Amino acid sequence: MNPETCDPRPVIVTGDRPTGPLHLGHYVGSLRNRVALQATHRQFVLVADAQALTDNAQDPDRIRRNILEVALDYLAVGIDPALSTVCVQSALPALAELTQLYLNLVTVARLERNPTVRQEIQARGFGRDIPAGFLCYPVAQAADITAFRATLVPVGEDQAPMIEQTNEIVRRVNRQAGRPLLPEARALIPETGRLPGIDGRAKMSKSQGNAVALSAPPEAIREAVRRMYTDPGHLRVSDPGRVEGNVVFTYLDAFDPDGAAVAELKARYRRGGLGDTAVKARLEAVLDAFLAPLRERRAALAQRPDEVLDLLRDGTKRAQRLTADTLEAVRDGLGVFTLAA
Ligand code: TRP
């Protein structure tokens, strides 16, 4: 048996759409967990360019350009190619074939009920002109997850419905195959909840203009912190301020390593006598301390794009073998005719 298939470590799969630079929301929601778990799990990370095309078919350039950018973000943040396999989704034909097979196990009504898809359709203003590929991307995501036989998927809470839908497909495949062909997967969602955008909106997203990129230069960090939503009722330094819903404090909670100092700042802010400018100055320093080493690693790697592309190629090759094995098992389990060579 090939040594890759006997690796006993549990498998993780995640991915990101290469539509722009990854940001702090990606870090808190998922990347942090991936970096922490890569030593104890067998991890696959997909640059999900095929999924990105489901709502960017008219702009493939943007997706193509961002594949390398996302790979650089991964490496900068500490995803270690010696521990994790990074691969390019569109170069894995088994994923497309699995998607095609799974589409027969899912109803359009079920897809239309997926709360994340519903919300995204709203946000994109598709009206009735929803690309079919977009409506069906949860099925493609089920292919991503099951093709590697993943049991753990570290994602932000908005992705929980995708894992639920994946497991429904897994159960259908297994029932039809009459044996436990595919494992169910569990979403690993951070307890701290999601990181809001700098404007205080629930979700950080590049398209909303409320994100801080992991590759942000110092000026961009300063500008983001300056614009950050605080307590609109906190007009004078001497006024008592609200910490709840105050994005500056939410970010300090997420990124300041000195929790005791943050607790003290919160107490002073609540009492009155602490201005937004002072809290923001601390946050700017904290974010810069966090992002500076990433920026440095990224800049060094960006000098050697060929090496990064080689990593993607190697990872994709490994993933091709694995996903092809799963496809064969699923075809067999679902009783698909195989024409002998
Ligand atoms: N839908 C995910 C997102 O938008 C990206 C993704 C694609 C993914 N394939 C995946 C996440 C597989 C987890 C597992 O963030």
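Which polar side-chain atom lies 2.7 Å from a nitrogen atom of the ligand? One belonging to D144 does.

## Basis

This is a predicted model, in which local features need pLDDT of at least 70, side-chain atom pairs count only at pLDDT 80 or more, and totals for chains, interfaces and linings use all residues. Residues are numbered from 1 along each chain as its sequence is written, and side-chain values use heavy atoms, without hydrogens and water.

## Ligand site

The residues around the ligand (a heavy atom within 4 Å) include V13, T14, G15, Q141, D144 and I145. R17 and Q159 are also among them.

The side chain of Q159 has an N or O atom 3.0 Å from a ligand nitrogen. For R17, a side-chain N or O atom is 3.4 Å from a ligand oxygen. On its own, the ligand has 370 Å² of accessible area (Shrake-Rupley, 1.4 Å probe). The protein covers 90% of that.

## Helix packing

Helix α8 spans residues 137–147, and helix α9 spans residues 160–177. Their axes (lines fitted to C-alpha atoms over the stretch in contact) are 9 Å apart, at an angle of about 70°. That makes α8 roughly perpendicular (65 to 115 degrees) to α9.

In α8, the contact residues (heavy atoms within 4.5 Å) include Y137, Q141 and I145. Those in α9 include M162, T166 and I169. By class, this contact has 9 nonpolar, 4 polar and no charged residues.

Notes: Axes are lines fitted to C-alpha atoms, for helices over the stretch in contact, and angles run from 0 to 180 degrees between N-to-C directions. Helices (H or I, at least four residues) and strands (E, at least two) are DSSP runs, numbered from the N terminus. Angles under 35 degrees count as roughly parallel, over 145 as roughly antiparallel, 65 to 115 as roughly perpendicular and the rest as oblique. Ala, Val, Leu, Ile, Met, Phe, Trp, Tyr, Cys and Pro count as nonpolar, Asp, Glu, Lys and Arg as charged, and the others, Gly among them, as polar. A polar contact is a pair of N or O atoms within 3.5 Å; within protein, one must be able to donate a hydrogen and the other to accept it, and residues adjacent in sequence count only if both atoms are side-chain atoms.
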